[in-house]
Amino acid sequence: MTFHHDATRVPSRRRALQMAGVAALAAVLAPRLSRATEAQVADEMKALFGGKTMGEGKIKLDLPEIAENGLVVPINIDVESPMSETDFVRSVHVFADGNPLPQVVTYHFTPESGKASASTRMRLAQTQNVIAVAEMSSGALYSAKAQVKVTIGGCGG
Amino acid sequence: MISRRDFLAAGTALASLLAAGGAGFAQAVDTGKLTEAELLRFGTPGTFTILHLTDIHAQLMPLYFREPSVNLGVGAARGLPPHLTDGAFLDYFKLRPGTRDAYAMTAQDFTALARAYGRMGGADRMARLVKAIRAERGADKVLVLDGGDGLQGSWSALQTKGEDMVKVFSALGLDAMVGHWEFTYGADRMMALKETAPFAFLAQNVRSIEWQEPVFDAARMFEKGGARVAVIGQAFPRTPISNPRWMIPDWEFGIREEDMQKQVDAARADGADAVVVLSHNGFDVDRKMASRVSGIDVILTGHTHDAMPAVVEVGKTLLVATGSHGKFISRLDLDAKDGKVTGYRFQLIPVFSDAITPDPEMEKLVAQVRAPYAAALAREVGRTDSLLYRRGNFNGTFDDMICDALLKERDAEIALSPGFRWGGTLLPGDPITFEAIANATAITYPACYRNTMTGRQLKDVLEDVADNIFHPDPYFQGGGDMVRVGGVGYAIDVSKGVGQRISGLTFLKTGKPVEADKSYTVAGWASVAQNVEGPPIWDVVERYVADTRTVTVTPNSAVKVTGA
């Protein structure tokens with residue numbers, strides 16, 4: 001009888017989940033990563049934006065509801081703006097409130113950028129909120145938030 | 001050769017059950033009407049006719065398939081079809097207990113009704129119905145569409161990597177299909193099958209990871225009855241999560257709602273009179289999608305195996321649910337003209353194998369594709385004293401048998417078995433053939449692992465799978481049922497949030513709580529990890545059944561459900 005090649009050690013949570021006949025995503029690792037708390041993320045954002053109120057709208061945040069691979073979760077951000085000399089998006093910051101280091105990326109734009117649009121892939125350690133904050137040339141701030149589930153699937157149908 | 005059953009005799013059987021004090025059969029006298037002509041009876045034909053089959057899981061022969069008696073809806077879907085079972089289902093759709101529809105669509109009085117009404121499905125019976133409707137309407141007015149999970153689920157499909165089913169679907173005159181389990185033959189095999197098939201394989205929501213290029217054609221325009229009918233494919237969006245991602249490493253899925261809207265708009269711009277989505281999203285996901293994507297006339301739903309005798313309307317979109325395993329064919333006639341659908345008639349046609357004459361050509365083809373495996377399929381391994389079925393959110397007796405096999409044959413304390421919704425039902429007294437075992441286990445990643453897991457890890461597994469089924473937002477659900485457990489019991493509150501649903505995990509052998517930090521020996525199968533080692537599940541189950549000879553499954557009371 002052949003045993004699983006990992007039979008001699010206590011499996012990681014990831015291994016355990018995969019073994020269950022269901023999927024597990026790579027980022028679900030044991031020992032558990034320390035995660036930022038929501039309060040830490042709030043503090044970090046306060047340090048950056050000085051507690052200024054943030055408007056809603058303007059940002060279109062494309063993220064999968066459920067990540068297919070937590071190591072490389074696609075994100076696409078589009079901010080509505082004329083991108084003129086007097087009215088443009090200065091920067092977009094992305095935070096992931098369940099990662100050990102919640103600040104994922106910051107994009108800087110100029111009117112020459114033409115449009116405020118960016119795509120990348122990021123690692124997400126677990127199910128969490130991804131928050132994008134856009135800083136406009138006027139100083140106004142906008143934010144958008146989406147939850148991404150980083151977990152196992154059902155034993156699909 | 002199966003002879004046609006005399007349904008008056010069936011009526012008599014029910015009458016005698018009633019006389020013997022059996023409940024619920026008072027209305028069963030109408031079984032005398034069960035003829036092919038009656039099954040094919042339809043109202044006014046439309047501009048064109050859609051015939052929909054889905055989730056037949058490569059079942060070529062008629063079989064028993066018991067619908068679930070537990071199928072809970074959460075969030076907005078709570079208490080709505082398809083999350084109604086037994087009496088509630090019958091009440092909602094105004095059906096009577098003991099009737100052919102009650103037998104076909106619910107679990108109520110299943111064993112008695114199965115003995116009266118017989119097996120359902122069979123490719124030769126489906127072919128007979130399809131041909132009859134084509135003859136009635138004219139081939140230029142009929143569109144035959146399969147909603148996926150058609151090429152997987154039987155021994156011959158597994159051995160031929162889907163080829164037997166491509167032959168059958170070709171002979172059936174299929175126009176297009178979508179996919180889910182098809183992808184578990186691997187990306188290369190999937191593309192090879194697609195290249196050889198005379199029908200279209202459509203999926204708007206599959207992209208190459210690197211370049212985000214479409215892997216399949218998103219849609220195809222058909223001319224039927226003078227109308228332009230756009231069919232857009234939607235593959236199972238969670239395939240790389242629910243099934244091994246390593247088998248399709250370069251493909252990315254997802255619901256891709258905005259891309260769906262673009263496809264609908266493109267179809268309209270191309271002059272479509274009707275826009276049909278051939279979907280493997282699952283019913284609740286389709287219901288949500290219908291409320292958010294505009295301009296879809298029809299969604300032919302799949303994946304969640306729901307059978308409903310009426311269309312569900314969401315705004316202007318019609319949702320059709322055709323069940324599974326070849327038990328049904330849906331007929332939907334649309335009146336379509338000048339870019340608009342102005343009317344429809346719908347019939348969920350139950351495929352009663354004893355009432356329908358097999359189509360001789362399909363019968364021959366089925367015998368031919370099964371011939372190389374005939375001896376293996378017919379091998380009687382043991383018998384069952386109990387009704388063995390799969391469906392139900394938390395357990396099924398067939399799965400209980402699989403868990404018992406895992407515990408015993410792999411000498412484990414705890415067994416885990418995936419909550420697949422496919423696999424036939426066996427009646428008390430039936431033989432357990434190798435075919436019946438394969439019908440519930442024939443997958444491309446069948447290895448039975450044996451490992452250790454702590455109590456905490458076990459709880460994590462249950463919580464994560466539970467969230468996949470009971471997340472209130474259908475876009476966060478993945479389909480399938482709860483992972484089946486052997487050796488442990490638990491309580492679940494389906495109304496709670498992620499990580500909060502499972503409590504009272506109990507190790508059944510001792511009656512003591514499962515300890516978070518203690519390690520337990522766990523056996524299971526269908527791991528989505530790569531390079532898993534262990535014997536294939538069908539060998540493990542066969543050994544267990546052969547040793548046991550007559551299988552008896554006691555009702556499972558190890559899972560306590562609240563919050564429904």
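## The loop holding T85(B)

T85(B) sits in the loop of chain B between strand 1 (48-53) and helix 3 (86-92). Helices (H or I, at least four residues) and strands (E, at least two) are DSSP runs, numbered from the N terminus. This is a predicted model: local features need pLDDT of at least 70, side-chain atom pairs count only at pLDDT 80 or more, and totals for chains, interfaces and linings use all residues. Residues are numbered from 1 along each chain as its sequence is written, while chains are lettered from A and ligands numbered from 1 in the order in which they are written.

T85(B) counts as buried because it has 21 C-beta neighbours inside 10 Å. The cut-offs are these: buried means 20 or more other C-beta atoms within 10 Å of the residue's own, exposed means 12 or fewer, and partly exposed is in between, with C-beta atoms placed from the backbone. Leaving out residues up to four places away in sequence, T85(B) touches P68(B), S69(B), V70(B), N71(B), T106(B) and A107(B). Contact means that the C-beta atoms, placed from the backbone, lie within 7 Å. Q108(B) is 23 residues from T85(B) in sequence, and their C-alpha atoms are 8.6 Å apart.

Strand 1 of chain B is mostly covered, with six of its six residues buried. F48(B), I50(B) and H52(B) lie on one side. T49(B), L51(B) and L53(B) lie on the other.

Strand 1 of chain B pairs with strand 13 (residues 328-337) of chain B in the antiparallel sense, over five bridges. Strands pair if DSSP finds at least two bridges between them. H52(B) has S330(B) in strand 13 as its bridge partner. Strand 1 of chain B also runs parallel to strand 2 (residues 142-146) of chain B, joined by five bridges. There, T49(B) stands opposite V142(B).

## Strand 10 and its partners

Strand 10 (residues 298-301) of chain B points V298(B) and L300(B) one way and I299(B) and T301(B) the other, and all are buried. Strand 9 (residues 274-279) of chain B pairs with strand 10 in the parallel sense, over three bridges. V276(B) has V298(B) as its bridge partner.

L300(B) stands opposite V320(B) in strand 12.

## A three-stranded open sheet

In chain B, three strands form an open sheet in the order 17-15-24, with mixed pairing. Strand 17 (431-433) and strand 24 (550-551) stand at the edges with a single partner strand each, so one side of each has no neighbour in the sheet. Strand 15 (residues 380-384) runs parallel to strand 24, joined by two bridges. T384(B) stands opposite V551(B).

Helix 16 (residues 434-441) of chain B packs on the sheet. Helix 16 touches strands 15 and 17, and its direction makes about 60° with that of strand 17. Helix 18 (residues 537-548) of chain B lies across strands 15, 17 and 24, at about 65° to strand 15. Axes are lines fitted to C-alpha atoms, for helices over the stretch in contact, and angles run from 0 to 180 degrees between N-to-C directions.

## An annotated span

UniProt lists residues 395-534 of chain B as "domain: 5'-Nucleotidase C-terminal", in an unreviewed entry. UniProt positions follow the numbering used here, feature names are shortened, and annotations may be inferred rather than shown by experiment. The span is 26% helix and 27% strand, and its end C-alpha atoms lie 24 Å apart.

How values were computed:
Two residues are in contact if their C-beta atoms, placed from the backbone, lie within 7 Å.
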